[in-house]
Amino acid sequence: MINLEVPKKFRAFVNQAHQVAAEMLRSNSREYDLAEHAYPKELDMLAAMVDGLGASGTGSGAGAAGVRRPSADDDDDGQVKNGSNLSSVLSVLEMCWGDVGLLLSMPRQGLGNSAIASVATDEQLERFKGTWAAMAITEPGCGSDSAAIRSTAREDGDHYVLNGEKIFVTAGGRCDAVVVWASLDLSKGRAAIKSFVVPKDTPGLTVERLEHKLGIRSSDTATIHLDDVRVPKQNLLGSPEIDTDKGFAGVMQTFDNTRPIVASMAVGCARAALEVTKDLLTRAGVVIDYDRPAQVQQAAAATYLQLEADWEAAYLLTLQAAWMADNAQPNSLQASVAKAKAGRMGNDVTLRCVELAGSLGYSEHELLEKWARDSKILDIFEGTQQIQQLIVARRLLNKTSAELK
Ligand SMILES: Cc1cc2nc3c(=O)[nH]c(=O)nc-3n(C[C@H](O)[C@H](O)[C@H](O)COP(=O)(O)OP(=O)(O)OC[C@H]3O[C@@H](n4cnc5c(N)ncnc54)[C@H](O)[C@@H]3O)c2cc1C
């Protein structure tokens, strides 16, 4: 396997994240998989540590909130100083090596936090500091096609009044606020869809129920009702203008930052499966030789090498997408390429690892069966495999969403 080194400035931080993932996430992994919907209390302490790292600057960009892009005036010489997208991706990767569901349950590290970090003004960033924010896009009649959102936000004096139903909201039960996508004017199509930060205690917001799921069972997934929910106008993220030329650009910008993060979750989870499988194969007497062609080795060794190569490709694409964000380069194409590749790789690799380990892989003796279940969602949320491929095709062929559906 090619072994590109983690940049020196991130090394201590990544080692720290790995240690925490081993001691606090991996060690509680099975317990909270079995106790679905139980609150993983160990995460409160962990979240405080992540906050501390962020505040001290040691872990600039730690976790989901670290995806803010540099602006042109970040540095006098035009160089980007912090590389916070890359450090977010690297830290999330390590944490998901520990446990994806628990990472998704980390206080103040929700996908809504990434949305806030991506598009909030400095004033909003300050006001929502310390908030744990979930992200609510999906509705009963709208999944992949987010332009079909039917939730509304009506202007009323200094407030917007929100109505609608949101489903499958990750951390929706436990968070402090929800970033809700709603339309300012249903007749104006996708350009009128904006995101609003809605504190959970706002009257009219109710959490209806939590889902039972195949994987990431330690993460809560909620249905949320919005019934005449009033939020101050200052809680709209980005511009309130309905610019039909720009279409979806405002809210979609979030995905350029969050898709590499979800890709890194798949990369972290798959690496966990590869490491355990390698150990089991070695103990079973299979020799994996990096200096000889795969096709002349034992079948299990050859399969393993193929899986590692697939993993490496996903890893590098993920780093590339995050690096581009840090360097203020447009990365929509690369973010979708990384998400598509890592999502599919995560599914393939974790399931093939179950296969290679046989009955040990299928049983609860190991976490391999759990990682195969956990990885499935990473190829679904933040845009499914098929949707990423569609976006990539549109970008490469220079087609609009109306031309290529
Ligand atoms: C555990 C979990 C957590 C989630 N967390 C969140 C969250 O925090 N916030 C949130 O807003 N949502 C969340 N979701 C919802 C998730 O983002 C959606 O499930 C996803 O976008 C797909 O939408 P859908 O389920 O309605 O499937 P559909 O859009 O109905 O798609 C069904 C199938 O058709 C395919 N398909 C759809 N359109 C096309 C097309 N044009 N071409 C080819 N194939 C197509 C899809 O790829 C998929 O395979 C979560 C879902 C789950 C299961």
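Let's start with Ile216, which counts as buried at 5% relative accessibility (buried means under 20% relative accessible area, exposed over 50%, and partly exposed in between, with a 1.4 Å probe and protein chains only). This is a predicted model, where local features need pLDDT of at least 70, side-chain atom pairs count only at pLDDT 80 or more, and totals for chains, interfaces and linings use all residues. Residues are numbered from 1 along each chain as its sequence is written, and side-chain values use heavy atoms, with hydrogens and water left out.

Ile216 sits in the loop between strand S6 (205–210) and strand S7 (221–232); helices (H or I, at least four residues) and strands (E, at least two) are DSSP runs, numbered from the N terminus. Its phi is near 30 degrees, a positive value in a residue other than glycine. Most residues other than glycine have a negative phi. Asn398 is not a glycine either, and has a positive phi of about 60 degrees. Asn398 comes in the segment after helix H13 (385–397) and is exposed, with a relative accessible area of 70%.

Now for a helix pair. The axes of H10 (residues 332–357) and H12 (residues 368–376) are 8 Å apart, at an angle of about 160 degrees.

Finally, Gln306 lies in helix H9 (residues 299–326) and is exposed, at 51% relative accessible area.

Methods:
Axes are lines fitted to C-alpha atoms, for helices over the stretch in contact, and angles run from 0 to 180 degrees between N-to-C directions.
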